[in-house]
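Colleague: I would like to learn how to read helix packing and pockets in a model. Could you take me through one?

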Amino acid sequence: MNTKKLYTVIIFSENTVGLLNQITVIFTRRQLNIETLSVSPSAIKGIHKFTITTFADEDTIDKVVKQIDKRVDILKAYYNTDEDLVYQEIALYKLSTELFIKMGTVEDLIRKYNARILEMNEDCVVLEKSGHYDETQALFKELSETIGVLQFIRSGRVAITKSKVERLSDMLSSMEKKLQEKHA
């Protein structure tokens with residue numbers, strides 16, 4: 001029996017209106033919940049990179065990625081496990097300034113979690129913590145249990161593969177080489 005684990009799906013495409021909806025429908029049809037989603041320009045000009053995390057078994061995620069890959073607007077889609085990637089999330093925590101100062105262990109907390117103070121005024125303090133989910137969640141838990149958190153937000157995962165170049169670069173180089181051989 002296949003057990004569910006967290007996969008990171010990386011999709012390369014041109015920036016096309018409605019493409020995100022087409023991608024999410026594929027996940028929905030397979031009854032997969034998207035845990036995190038991040039979209040941005042990639043290292044290749046004109047190409048966007050979607051980074052999506054979801055819990056699935058390998059057979060299901062393989063089918064999802066193959067289905068996404070068939071779409072006309074998709075250049076290439078891959079799935080990876082955490083071992084294949086360098087990844088981070090960013091979290092912001094809004095706290096009461098009065099309670100934050102009364103903690104007395106502010107410096108220890110900042111050092112322990114390697115957090116940064118982004119904003120501090122008479123009403124609130126905003127902390128930033130970059131890291132993996134369990135690291136940002138641990139800070140949230142500690143703050144919630146000690147002084148309370150007024151607001152909290154966590155970004156979607158941003159990830160790059162541990163390989164030397166993006167897989168898309170390899171694919172585009174291969175296509176260009178075949179084109180040159182064809183015209184030679």
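Modeller: Keep in mind that this is a predicted model. Start with helix H1, residues 19-29, and helix H2, residues 58-69.

Colleague: How are H1 and H2 oriented to each other, and why is that word used?

Modeller: Angles over 145 degrees count as roughly antiparallel. H1 and H2 pack at an angle of about 150 degrees, and they are therefore roughly antiparallel to each other. Their axes lie 10 Å apart, and H1 passes H2 in a right-handed crossing.

Colleague: Which residues of H1 and H2 meet?

Modeller: H1 brings Ile-23, Ile-26, Phe-27 and Arg-29, and these meet Val-64, Gln-67 and Ile-68 of H2. The residues of this contact divide into five nonpolar, one polar and one charged.

Colleague: Next, what is the angle between helix H4 and helix H5?

Modeller: Helix H4 (residues 106-113) and helix H5 (residues 133-146) pack at about 160 degrees, with axes 11 Å apart. By the cut-off of 145 degrees, H4 and H5 are therefore roughly antiparallel to each other. H4 passes H5 in a right-handed crossing.

Colleague: Which residues of H4 and H5 meet?

Modeller: From H4, Leu-109, Lys-112 and Tyr-113 meet Glu-135, Ala-138, Leu-139, Glu-142 and Leu-143 of H5. The contact of H4 with H5 has five nonpolar residues, no polar ones and three charged ones.

Colleague: Which elements give two or more residues to its lining?

Modeller: Those are strand E2 (34-41), strand E3 (48-56) and strand E5 (85-96). The lining residues of the largest pocket include Glu-35, Thr-53, Tyr-87, His-132 and Arg-154. By type, the lining divides into four nonpolar, three polar and five charged residues.

Methods: Residues are numbered from 1 along each chain as its sequence is written. This is a predicted model: local features need pLDDT of at least 70, side-chain atom pairs count only at pLDDT 80 or more; totals for chains, interfaces and linings use all residues. Side-chain values use heavy atoms; hydrogens and water are left out. Axes are lines fitted to C-alpha atoms, for helices over the stretch in contact, and angles run from 0 to 180 degrees between N-to-C directions. Helices (H or I, at least four residues) and strands (E, at least two) are DSSP runs, numbered from the N terminus. Angles under 35 degrees count as roughly parallel, over 145 as roughly antiparallel, 65 to 115 as roughly perpendicular and the rest as oblique. A crossing is left-handed if the near helix is turned anticlockwise from the far one by less than a right angle, and right-handed if clockwise. Contact means heavy atoms within 4.5 Å. Ala, Val, Leu, Ile, Met, Phe, Trp, Tyr, Cys and Pro count as nonpolar, Asp, Glu, Lys and Arg as charged, and the others, Gly among them, as polar. On a 1 Å grid over the protein atoms alone, a cavity is a set of points where a 1.4 Å probe fits but cannot get out, and a pocket is an open set with protein on both sides within 12 Å along at least five of seven lines; lining residues have an atom within 4 Å of a point.
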